[in-house]
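Hi everyone, thanks for coming. Please have a look at the structure on the screen, and then I'll walk you through a few parts of it.

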Amino acid sequence: MSEQVTLTVDALGGDHAPGVVLDGVAAALAEDADLHIVLCGPADTVEPFCAEHERCRAVATTEFIAMDEHPANAVRKKKDSSLVVGCRLVKEGEASGFFSAGSTGACLAAATLVMGRIKGVSRPALCTVIPSPAKPVVMCDVGANADCKPEYLVQFAQMATIYMEQVIGVNEPKAALLNIGEEDTKGSAFAQEAFALLKEQVPNFVGNGEGNDILPGNYDIFVTDGFTGNVCLKTIEGTSKTLFKALKDIFYSSTVTKLGALTIKGGLKDLMAQVSPDTYGGAPLLGVKGACIVGHGSSNATAIKNGIHTTAKIVRTNVSEMIAETVLGGTSAKSAETADRVAAKAR
């Protein structure tokens with residue numbers, strides 16, 4: 001039997017909320033008998049749904065954070081929003097994790113400011129599975145930290161390694177620094193300094209990896225700053241969508257190509273499933289107290305369901321606790337205290 005887990009879910013998160021969120025929650029509850037959900041959102045949305053679903057409790061909220069609002073300001077001002085309340089319930093111990101497909105910036109701000117950072121973590125980072133047809137490949141960071149110091153990448157690698165091992169199930173993953181060449185001396189001054197620190201402090205670091213190493217899965221983990229990681233991720237996702245659309249146009253262009261499409265229909269479906277971001281349902285924000293998964297704004301019910309399952313798995317495999325032990329074990333007390341003071345001042 002699986003460990004019982006309680007998660008909070010933002011009913012208003014996503015472009016197609018609340019409908020797809022409710023469908024995703026219902027599917028997740030049906031598939032996991034040990035899952036409990038605290039659903040946060042307007043009373044007329046969450047209360048009727050929870051009345052019809054066991055293991056689902058409603059928490060009515062009165063505010064909503066839109067996609068175009070300034071993340072930190074919205075989190076500070078809209079304390080009764082479904083997103084902020086969901087994070088606060090994790091901080092107060094009523095749940096162990098939080099899932100939302102709402103504003104990425106607001107999710108990051110709420111998780112960091114409300115749930116709080118793990119002591120010693122300089123910057124929480126978004127870690128996602130790249131849609132590769134070869135095997136699961138993880139990249140960290142993919143958008144939480146546009147500006148980074150080289151030492152941040154050491155923690156990104158440490159946290160991503162734990163996620164890769166515990167949640168994705170890859171033992172002894174190989175971690176590489178995303179760079180413009182394989183040689184140790186390649187890249188900017190930032191990349192070279194990060195390389196030296198990773199080589200010294202991360203046992204599973206194997207060197208530089210280039211962009212053409214990502215989709216073939218030549219390495220298990222790619223470590224980079226959030227700006228580069230986000231551009232890389234969006235490029236891969238956009239390329240994937242464009243190629244599948246082009247293939248669809250070709251297959252439907254004539255009777256002959258339609259017949260050909262029928263013969264490989266099953267294979268194409270398998271390939272699309274392999275590269276679909278819906279498989280994991282979102283990206284975890286590693287380095288905060290508790291589990292936090294940020295889903296795509298365009299998430300469908302399947303993505304919501306899988307995002308909830310991934311959040312539960314992070315809780316059950318004690319990812320946050322393992323990150324705390326690893327980071328504090330490799331960080332001096334002075335540097336940990338400094339990171340905490342900087343974050344407190346920023347708040």
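Let's start with glutamate 94, which is partly exposed at a relative accessible area of 39%; partly exposed means between buried, under 20% relative accessible area, and exposed, over 50%, using a 1.4 Å probe and protein chains only. Its side chain meets that of arginine 57 in a salt bridge, 2.9 Å from N to O. By salt bridge I mean a side-chain nitrogen of Lys or Arg within 4 Å of a carboxyl oxygen of Asp or Glu. Arginine 57 sits in strand β3 and glutamate 94 in the loop between α4 (82-91) and β4, so this pair ties together parts that are 37 residues apart in sequence. Arginine 57 is partly exposed too, with a relative accessible area of 40%.

Before I go on, a word on the model: it is predicted, local features need pLDDT of at least 70, side-chain atom pairs count only at pLDDT 80 or more, and totals for chains, interfaces and linings use all residues. Residues are numbered from 1 along each chain as its sequence is written, and side-chain values use heavy atoms, with hydrogens and water left out.

How many salt bridges does a search of the whole structure find? There are seven. One of them joins lysine 305 to glutamate 31, at 3.2 Å from N to O. That pair links distant parts of the chain, with lysine 305 in helix α11 (residues 301-316) and glutamate 31 in helix α1 (residues 19-31), 274 residues apart.

Helices and strands here are DSSP runs, numbered from the N terminus: H or I over at least four residues for helices, E over at least two for strands. Eleven strands form an open sheet with mixed pairing, in the order β3-β2-β1-β4-β11-β10-β5-β6-β9-β7-β8; two strands pair if DSSP finds at least two bridges between them. At the edges are β3 (56-60) and β8 (205-209), each pairing on one side only.

Methionine 139, for instance, has phenylalanine 222 in β9 as its bridge partner.
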